[in-house]
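Here are some notes for a colleague who will be reading the sequence and the structure side by side.

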Amino acid sequence: MDFMAVLREKLSEFGELITPEADLAAPVPSCGDWTFYDLADHVGQGNMWVVTAIAEGHGNYQGEPAPKDPVALRDWYDRIAKTMLESLSVDPATPAWTFTSQLPRNVGFWQRRRAQETLMHVWDGQDALGVAEEFEPHLAADGIIEVFELFAPRMIKRGLAKEPEAAVSVHTTDTGDSWTYGPGAPVAEISGTAADLLLALWGRKNLDDAALTWQGNWAAGARVLTGPLVP
């Protein structure tokens, strides 16, 4: 998958949400008590965090808050997005600091991570405006893999979640992928499109959403996937 192409597209889509008329105080329901300003600040700061991770080999970046004027905010966001794209436009195998000890610890990690991060936050911004678009199925399926392989184990390691008490089978109805999360034979199965499942794993959809189908012990399965699996 060409994560750089995805990242360029999604960075542009997020930037297009920051219009001169943008209501920066608008709530973003999928992100707790965040406003659209908070979301834009988070995306921009995260992009600069990656620039620092690659250039300086650490994750200690602390930037000044983003401008609160929509025009200045868009300029700030675009400038940082361009800087990050320049930092990531190298051989993916180039060593880089990452927030995990898992391999690979290189630029390719960040190409994928920022593509998935920006994908989700574009959805958050669009959803706040009532215009959320569907994810490309195979990109969403890759996001599910990232949840199970990267974030869920990290949440447990950091003490922010417990080891799953049972196993759940997760099946995408559009890409035909399947995963089992947890120990032993699955006690339940959840199925849906890759996009709907990814949104559920990231807490953007409820696990009992009508778009998702369950079989088996729903209560036990829901406890496992509630995790939390992601930050």
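1. A residue is called buried when its relative accessible area is under 20%, exposed when that area is over 50%, and partly exposed in between. Please keep in mind throughout that this is a predicted model.

2. By that scale Tyr-61, with a relative accessible area of 24%, is partly exposed. Tyr-61 sits in the loop between α2 and α3, and, once residues up to four places away in sequence are set aside, this tyrosine touches Gln-45, Met-48, Trp-49 and Thr-52. The C-alpha atoms of Tyr-61 and Gly-46 lie 9.1 Å apart, although the two residues are 15 apart in sequence.

3. How do α1 and α4 pack against each other? Helix α1, which covers residues 3–17, and helix α4, which covers residues 107–128, have axes 8 Å apart and an angle of about 30 degrees between them. Angles under 35 degrees count as roughly parallel, and α1 and α4 are therefore described as roughly parallel to each other. The crossing of α1 past α4 is left-handed. On the α1 side the contact includes Phe-3, Leu-7, Lys-10 and Phe-14, and on the α4 side it includes Arg-112, Ala-115, Leu-119 and Val-122. The residues of this contact divide into 10 nonpolar, 5 polar and 4 charged.

4. The packing of α1 with α3 (70–88) has an angle of about 175 degrees, with the axes 10 Å apart. Since angles over 145 degrees count as roughly antiparallel, α1 and α3 are therefore roughly antiparallel to each other. Met-4, Leu-7, Arg-8, Leu-11, Phe-14, Gly-15 and Glu-16 of α1 meet Arg-74, Tyr-77, Ala-81, Met-84, Leu-85 and Leu-88 of α3. In this contact 9 residues are nonpolar, 1 is polar and 3 are charged.

5. The axes of α1 and helix α2 (residues 36–56) come within 11 Å and cross at roughly 145 degrees, and α1 passes α2 in a left-handed crossing. From α1, Leu-11, Phe-14 and Leu-17 meet Phe-36, Leu-39, Ala-40, Val-43 and Asn-47 of α2. The residues of this contact comprise 7 nonpolar, 1 polar and no charged. Phe-14 takes part in the contact of α1 with α4, in that with α3 and in that with α2.

6. Which residues have the most contacts inside the largest nonpolar core? That core has 75 residues, and the ones with the most contacts inside it are Phe-14, Phe-135, Phe-148, Ile-190, Leu-198, Leu-225 and Leu-229. Helix α5 (residues 137–157) gives the most to this core, with 11 residues. For Phe-148, leaving aside neighbours within four places in sequence, the contacts are Pro-153, Val-170, Trp-179, Tyr-181, Leu-201, Leu-225 and Leu-229.

7. Is Gln-116 buried or exposed? Gln-116, which lies in helix α4, has a relative accessible area of 4% and is therefore buried. Not counting residues up to four places away in sequence, Gln-116 touches Leu-139, Asp-142, Gly-143, Glu-146 and Leu-198. From C-alpha to C-alpha, Gln-116 and Gly-143 are 6.3 Å apart in space, while 27 residues separate them in sequence.

8. Asp-196, in helix α6 (residues 194–201), is buried as well, because its relative accessible area is 11%. Beyond neighbours within four places in sequence, Asp-196 is in contact with Lys-205, Ala-211 and Leu-212.

9. Gln-102 lies in the loop between α3 and α4 and, at 32% relative accessibility, counts as partly exposed. Setting aside neighbours within four places in sequence, Gln-102 is in contact with Glu-149, Leu-150 and Pro-153. Gln-102 and Glu-149 are 47 residues apart in sequence, and their C-alpha atoms are 9.6 Å apart in space.

10. Two peptide bonds deserve a look in the model. Most peptide bonds are trans. The bond from Leu-103 to Pro-104, however, is cis, with omega near 0 degrees, and Pro-104 is found in the loop between α3 and α4. A cis peptide bond also joins Gly-227 and Pro-228, with omega about 5 degrees, and Pro-228 is placed in the segment after α7 (218–226).

Key
Residues numbered from 1 in each chain as written. Predicted model: local features only at pLDDT ≥ 70, side-chain atom pairs only at ≥ 80, totals over all residues. Heavy atoms only, no water. Axes fitted to C-alpha atoms, helices over the stretch in contact; angles between N-to-C directions. Helix = DSSP H or I, 4+ residues; strand = E, 2+ residues; numbered from the N terminus. Parallel < 35°, antiparallel > 145°, perpendicular 65-115°, else oblique. Left-handed = near helix turned anticlockwise from the far one by under 90°. Contact = heavy atoms within 4.5 Å. Nonpolar A, V, L, I, M, F, W, Y, C, P; charged D, E, K, R; others polar. Core = buried A, V, L, I, M, F, W, Y, C linked by side-chain atoms within 4.5 Å. Buried < 20%, exposed > 50% of the residue type's maximum accessible area, 1.4 Å probe, protein only.
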